[in-house]
Amino acid sequence: MNGIHDLGGMHGLGPINPEQNEPVFHEDWEKRAFGLFAATFVFTGYTVDEFRHYIEKIPPAHYLEGSYYEHWLYSFEGALIKYGHITRDELDARIAQLQSGGH
Amino acid sequence: MLLTPEIVPGLVATGASARVAHHVAPRFRVGDRVRVRNHNPDTHCRLPGYLRGKLGTVEQDYGVFAFPDTHAHNLGEKPQHVYSVRFTARELWGPSSPDRDTLRVDVWDDYMDLD
């Protein structure tokens, strides 16, 4: 699909400035997101291409504002919902719970 | 399938590589002039949009990989060769581009035809 992920050759996005001595992870939660790739790969049986397709389906504005591992998280959610491990309602309820200060 | 500790290192090292062991004849050889198809599905594909319709030269054959368009949608591996294809900046971005600049892109067999 020719969505916002296909940024190659697009004007106006500014220079690419690689971070000096970039750490593997910028936030602690990113370590858990990385680990979830192996877990969801095994549980759902999806392919790396299907993993990428869920990232393509991120709403365009969210895609541009989201970080690398946020994209991964969005993909895991898509796969876990598709394969019936969680429902959209369960995910939304959990997000609401966390936003209201719950654990 | 359960996630066990011995699965993890291989998965992390390869990034769940889509390379497959099938023997499939390549459709192109190094040096072939190829035209990228105007391929624009609303499903998954790994052809950068800026390559559609462009003319390039095959530089290297990487071997056989699963085809993203089918593999992403549970439609099988459709194993085929992936190549490094060289495009001139002028072919991609027009006559204002530097005339010595080139770009190499990994392109699947099914995304192109002999020119």
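This is a predicted model: local features need pLDDT of at least 70, side-chain atom pairs count only at pLDDT 80 or more; totals for chains, interfaces and linings use all residues.
V58(B) is found in strand β2 of chain B, which covers residues 55–65.

**Around V58(B)**

V58(B) is buried because 22 other C-beta atoms lie within 10 Å, and a residue counts as buried at 20 or more. Leaving aside neighbours within four places in sequence, V58(B) is in contact with a run of residues that includes F28(B), R29(B), V30(B), G31(B) and D32(B). V34(B), Y83(B) and V85(B) are also among its contacts. R86(B) is 28 residues away from V58(B) along the chain, yet the C-alpha atoms of the two are separated by 6.3 Å.

**Chain B as a whole**

Chain B has three helices and five strands, and along the sequence these follow the pattern α-β-β-α-β-α-β-β. Its C-alpha atoms fill a box of roughly 55 × 30 × 25 Å along the principal axes. Chain B has 115 residues, of which 25% count as buried. Among its contacts between residues at least 6 apart in sequence, 62% join residues at least 24 apart.

**The sheet**

Five strands of chain B form an open sheet in the order β4-β3-β2-β1-β5, and the pairing is antiparallel. At the edges are β4(B) and β5(B), each of which pairs on one side only. Direction ignored, neighbouring strands in this sheet are turned by 40° against each other on average. β1(B) and β5(B) run antiparallel and are joined by three bridges. In one of the pairings, R35(B) has D113(B) of β5(B) as its bridge partner.

| Strand | Residues |
|---|---|
| β1(B) | 33–36 |
| β2(B) | 55–65 |
| β3(B) | 80–88 |
| β4(B) | 102–108 |
| β5(B) | 112–114 |

**Nonpolar cores**

In soluble globular proteins, nonpolar side chains tend to be buried together. The largest nonpolar core in this model has 19 residues, and V85(B), V107(B) and Y111(B) touch the most other members. Strands β1, β2, β3 and β4 of chain B each supply at least two residues of this core. β3(B) gives the largest share, four residues. Another core lies apart from this one and has nine residues, including F37(A), Y54(A), W72(A) and F76(A).

As for Y111(B), its contacts beyond neighbours within four places in sequence are V36(B), R37(B), H39(B) and L47(B).

**Two helices of chain A**

The axes of α2(A) and α4(A), the latter covering residues 68–82, come within 8 Å and cross at roughly 110°. The two helices are therefore roughly perpendicular, since angles of 65 to 115 degrees are classed that way. From α2(A), the residues in the contact are E50(A), F51(A), Y54(A) and I55(A). From α4(A), they are H71(A), Y74(A), S75(A), G78(A) and A79(A). By class, this contact has five nonpolar, three polar and one charged residues.

**Where the chains meet**

The contact between the chains takes 17 residues from chain A and 21 residues from chain B. On the side of chain A, the elements that give two or more residues are α1 (28–44) and α2 (48–56). α2(A) gives the most, with six residues. The side of chain A that touches chain B has six nonpolar, six polar and five charged residues.

Definitions and conventions. Residues are numbered from 1 along each chain as its sequence is written. Chains are lettered from A and ligands numbered from 1 in the order in which they are written. Two residues are in contact if their C-beta atoms, placed from the backbone, lie within 7 Å. Ala, Val, Leu, Ile, Met, Phe, Trp, Tyr, Cys and Pro count as nonpolar, Asp, Glu, Lys and Arg as charged, and the others, Gly among them, as polar. A residue is buried if 20 or more other C-beta atoms lie within 10 Å of its own, exposed if 12 or fewer, and partly exposed in between; C-beta atoms are placed from the backbone. Axes are lines fitted to C-alpha atoms, for helices over the stretch in contact, and angles run from 0 to 180 degrees between N-to-C directions. Angles under 35 degrees count as roughly parallel, over 145 as roughly antiparallel, 65 to 115 as roughly perpendicular and the rest as oblique. Two strands pair if DSSP finds at least two bridges between them. A nonpolar core is a set of buried Ala, Val, Leu, Ile, Met, Phe, Trp, Tyr and Cys residues joined through C-beta atoms within 7 Å.
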